[in-house]
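Subject: Structure handover

Hello,

Please find the structure below. My notes on what was found in it come after.

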Amino acid sequence: MGCGNAAEVAHRITMAFQPIVDVTSQTVFAHEALVRGVHGETAGEVLATVAHDNRYAFDQACRIVAIRTAAQIMPPSLLSINFLPNAVYNPEHCLQATFAAAKAADWPLDRVIFEVTEHEEIVDHDHLVAILSAYKAHGFFTAIDDFGAGFAGMNLLADFQPDLLKLDIGLVRDVDTSRPRQVIVRHLVELCDDLGIRVIAEGIEREDEYRALLDLGIVLQQGFLFARPATASLPPIRWPA
């Protein structure tokens, strides 16, 4: 995407939305905003065009577009936004665009979840903890995404306890037939319960996975089984029988 400010980058991207559901009450817990190109480019294709020196502008643009688009298609509810921790040089300064976008869209700040993915290498662990702590102090929900497959792991949990922890798809896939995965997930659920963290399982594609995860105590779930992401709209939800 080259260099540019957040406003310029925002014209080149849009958002798709995928629900995170509570399978026990059959309600939507939150919607995750997933970046897309305005010409139908996938998230991977969009991210591949982001130059290193443009990561900050891209990160800011994603926040602006996610809030602005969500406000156009749904009443204020929990909105999950992914952010790039290595693009945030100063938490307070980097939140200014989020504050402005939320004010313009009349979107409550306490209806925003900031997700950090474990797939991005953490250059400065203490800096990430400071970012998450600052976001939490401002009333945002916080989440660690792709837990179990990345760079942060237990060290991050020891220093910061997010509101939500999303299990990586590698732990979810075939959990119904894999005893090691069942054991790992069960202990992670118990650990998070002790720390006051809610667990989300993502990447669910089969009903057997959904049932196994429910049996393991995970009621917040996300994946193609329930709904595929829909660009600039809310997809219909399929509830398993």
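With which residue does Glu32 form a salt bridge? The partner is Lys166, and the closest N and O atoms of the two are 2.9 Å apart. A salt bridge here is a side-chain nitrogen of Lys or Arg within 4 Å of a carboxyl oxygen of Asp or Glu. Glu32 lies in strand 2 (residues 27–37) and Lys166 in strand 6 (residues 164–167), so the pair ties together parts that are 134 residues apart in sequence. Both Glu32 and Lys166 are buried. Buried means under 20% relative accessible area, exposed means over 50%, and partly exposed is in between, using a 1.4 Å probe and protein chains only.

Before the rest, some notes on the source. This is a predicted model, in which local features need pLDDT of at least 70 and side-chain atom pairs count only at pLDDT 80 or more, while totals for chains, interfaces and linings use all residues. Residues are numbered from 1 along each chain as its sequence is written, and side-chain values use heavy atoms, with hydrogens and water left out.

The whole protein

The protein has ten helices and nine strands. These are DSSP runs numbered from the N terminus: H or I over at least four residues for helices, E over at least two for strands. The radius of gyration is 17 Å, close to the 18 Å that the globule rule gives for 241 residues, so the protein is as compact as a globular protein of that length. That radius is taken over C-alpha atoms, and the globule rule is 2.2 Å times the number of residues to the power 0.38. The C-alpha trace spans about 50 × 40 × 30 Å along its principal axes.

Of the 241 residues, 50% are buried. The protein exposes about 10,700 Å², and carbon and sulfur atoms supply 53% of that area. Accessible areas come from the Shrake-Rupley method with a 1.4 Å probe; for residues, only the protein chains shown count as cover. Among contacts (heavy atoms within 4.5 Å) between residues at least 6 apart in sequence, 70% join residues at least 24 apart.

Asp59 forms a salt bridge with Arg63, with 2.9 Å between the closest N and O atoms. The two are four residues apart in helix 3, which means that about one helical turn separates them. Asp59 is buried, at 1% relative accessible area, and Arg63 is buried at 0%.

Gln60 is also found in helix 3 and counts as buried because its relative accessibility is 3%. Leaving aside residues up to four places away in sequence, Gln60 touches Ala6, Cys94 and Ala97.

Ala97 belongs to helix 5 (residues 96–105), where Ala97, Thr98, Ala101 and Ala102 are buried. Seen down the helix axis, these buried residues fall within an arc of 130 degrees, so they line one face of helix 5. The arc is that of the directions from the helix axis to the C-beta atoms. They pack against helix 3 (55–73), helix 4 (91–94) and strand 4 (112–117). Lys103 and Ala104, on the other side of helix 5, are exposed. Just after this helix, Asp106 has a positive phi of about 55 degrees.

Helix 10

In helix 10 (residues 207–215), the buried residues include Glu209, Tyr210, Ala212 and Leu213. They cover an arc of only 165 degrees around the axis, which puts them on the same side of helix 10. Their cover includes helix 8 (169–172), helix 9 (179–195), strand 7 (198–201) and strand 8 (220–221). Gly217 follows helix 10 and has a positive phi, near 95 degrees.

Glu207 lies in helix 10 as well. Its side chain makes a polar contact with the side chain of Arg211, at 2.8 Å. A polar contact is a pair of N or O atoms within 3.5 Å; within protein, one must be able to donate a hydrogen and the other to accept it, and residues adjacent in sequence count only if both atoms are side-chain atoms. Glu207 touches Leu225, Arg238, Pro240 and Ala241, not counting residues up to four places away in sequence.

A network of salt bridges links Arg173, Asp174, Asp176, Glu205, Arg206, Glu207, Asp208, Glu209, Arg211 and Arg238. One of the pairs is Asp208 with Arg206, whose closest N and O atoms are 3.9 Å apart. Asp208 is partly exposed at 41% relative accessibility, and Arg206 is partly exposed at 30%. The whole structure has 14 salt bridges.

Regards
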